[in-house]
Amino acid sequence: MKGKDFKPLQEEKDGGTPGGQGDSWGRNFASELWGEVRGGAEHFQSTKGQLPQGRIRQFFYGVALPFHIARVTLASPAARATYVKVTALQTAFLLAIAAGWAFNQFERQESDPKPAISEAARKKAEARIEQRAKELEAALKARKGQGTAKGDAADVPKAFAALLEEAVNAGKSGSLPPDEAAAAAEEAAEEAEDAAEDARQTPQEAQTPPSSERATADDEAIPSPETDAEAEEEDSPGDSLSALIRAEVQKALQDVPEAKARGPRVQKEPQKKGFNIDMPTVRDGIFFLGSWEFWALFFGSLSVVQWIVVALSRDYHTVISREASLATGVPPEDPEITPRVRINVPWMRAKLQRRWRAFLLFVMGVPALLLLCIPLCWIPHVFTLLSSLWGFWWLLVFTAAKSDRAWLAPVTRPPWFVRVWSALPMLHGWPLRNYVARLDHRAESVAAPIAAVERQPWVFAGLAFTRFVGSIPPFRCFTRPFMSVASAHLIGLDPVQPPALKSGESPPPHDAGD
C-alpha cells in the first residue's frame, strides 16, 4: 500500500470479485482506507521533507498539517502561554456575544410563553367543534319536533356530551389552548341554542309542539341548573348549555397547562415562502433546531464579530505564526514586532481588495458553469454542485496564497480551466469568442498560486478543508496563526520551487498574504 494510490481490494486477496465475499470485502476496504487516512495524518511525524505517496494520504496530510505545526509550536512554554492567552480572550469575547444573542432570544420567548400551534391543527379542531355544535342544534330542534330528517332525532344529552368531549380533547391534545377550547365550545353551544330558539319561534314550528314526555326525559339527562320541567317547556331546554359547557371544559382542562399541552402544538409549522427566522426552541422536551435562515444569520453575525476581533488582534497572530515558522524550520515570512491591539488600515484595505478579486474570479466562471449544466441537466441541483466545486477550487488557490512563497512559484502553463476551454473549438465562436481570453487575463494576477496548487492539488485540498472548517466561529481564532505556515511548508515541498526558496531564504512580502 505504501507508495501507491489507494486500491481498496486487490483481486488476488479475495480470489476474484468482491461479490461473494460480502462482509470480508467490506472489512478489508475499511481497514485499508483507515490505513491510508492514518498514514497521511501521521506522515509529518514519521517522514519530513517530502510528500506522502497516494492521493488519499496527501489529502489527509494537508488536513492534519496545521495541527502538527501547532503541536510543535506549543511545545515551547513561552509560545504556549501567548497562544492560550490570545485565543482565550478572543474566544471569551465571541462567546459573550453568542450568550447575549441567546439571552435576547430567550427573553423574547419568555415574553410570549405560548407555544406555536399549527394553524392547520387549529382549524381542524375548530371545525370538529363546529360540527358537534350542529349536531347539538339538530338535536334541540328535533326535541321540539322541528327536525326535517331522521338524523335530527338524536337526543340532546348525546349531542351535549359529544360537544363537551370534543372541546376537552382539543384542549388536551394541544390543537387549541385550554382557554380557547372552552371559549370555542361555549360560542358553538350558544349559536346552536340561538338557532334552535329562532326556529321554535317561527309560525310553522309553533304548530308542532314538542312531546312533554320527551322533554321531561331530556331535562333529566342534561346536567342543567334548570330543574323545573314546566319552565323547561316554556323556555329553550338549553338556555344554560353554553355556560355549562364552558364550566365543564374549564374544569376538565384545569390541570392541563398550555406549555405542557401535547400534540400538534409541538410540531414544526410549515415554513412559509421567503426569509423566515425561526429560532431554536425546546417544547415538551423536544428540541427544534429552527430555520436555516436563523443559523445563517447567527453564524454570519458571529463571523463578522470574529473578523473584527482578528483584525484588532492580528499582531498577536503574527507573532504566533513567526514562532511556528521557527519551530518547524520554515524561514519566517513575518517580521519581528511588538504586538498590540490596533486597527491596521492597510491590512484591512488589502483584505477587502483580495475579497473583491476572489469574487470576480468566481463570477467569471459562472457562464462556463451554465453552459456545462445544459448536457448535465438530468442531474439534480447540478448548478449548485458545480458552483460549489468551482468555489472550493478558488479556496484552494487562496489557501496556498496565504504564504508569500506561493506568489514566487514558477508558472509553466496556463490554468487548467483555460486549457480545457481552449481544447474545445466549438466554444470559440461568437458570443464566447473572447471569453477565454478575458478569463485568462483575470487569472493572471493569481497565476503563481494556481500553478503551485496544480502541482500539489490533494495536499492543498486537505489544507483548504481544514481552513474552511476552522473558519466557523470561534475556531478561526485557534487555527488562523498556523495556516500561512502550513501553506509555506507545502510550497517548500514543491519540486519546481525557485532556487531562492530552495536555499532557505525568506521571500519578499506580498500584498496578497494574510
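This is a predicted model: local features need pLDDT of at least 70, side-chain atom pairs count only at pLDDT 80 or more; totals for chains, interfaces and linings use all residues.
Is Phe482 buried or exposed? Phe482 is buried, with a relative accessible area of 2%.

The structure holds 14 aromatic pairs. In one of them, the centres of the Phe59 and Phe60 rings are 5.2 Å apart and the planes meet at 85°. An angle over 60 degrees counts as edge-to-face, so that is how the pair of Phe59 and Phe60 is classed. Phe60 itself is partly exposed, and its relative accessible area is 27%.

Phe482 belongs to another pair, and its partner is Tyr83. Here the centres are separated by 5.6 Å and the planes by 50°, which is a tilted arrangement. Tyr83 sits in helix H5, residues 77–111, while Phe482 sits in helix H22, residues 476–492. The pair therefore ties together parts of the chain that are 399 residues apart in sequence. Tyr83 is buried as well, with a relative accessible area of 10%.

Ring pairs also build a cluster, whose members are Trp390, Trp393, Trp394, Phe398, Trp416 and Phe417.

Buried residues of H13 include Phe294, Phe298, Leu302, Val305 and Val309. In general, an α-helix has 3.6 residues a turn, so residues three or four places apart point the same way. Also among the buried residues of H13 are Glu293 and Gln306.

Notes:
Residues are numbered from 1 along each chain as its sequence is written. Side-chain values use heavy atoms; hydrogens and water are left out. Rings of Phe, Tyr and Trp (its six-membered ring) pair if their centres lie within 6.5 Å; planes under 30 degrees apart count as stacked, over 60 as edge-to-face and the rest as tilted. Buried means under 20% relative accessible area, exposed over 50%, partly exposed in between (1.4 Å probe, protein chains only). Helices (H or I, at least four residues) and strands (E, at least two) are DSSP runs, numbered from the N terminus.
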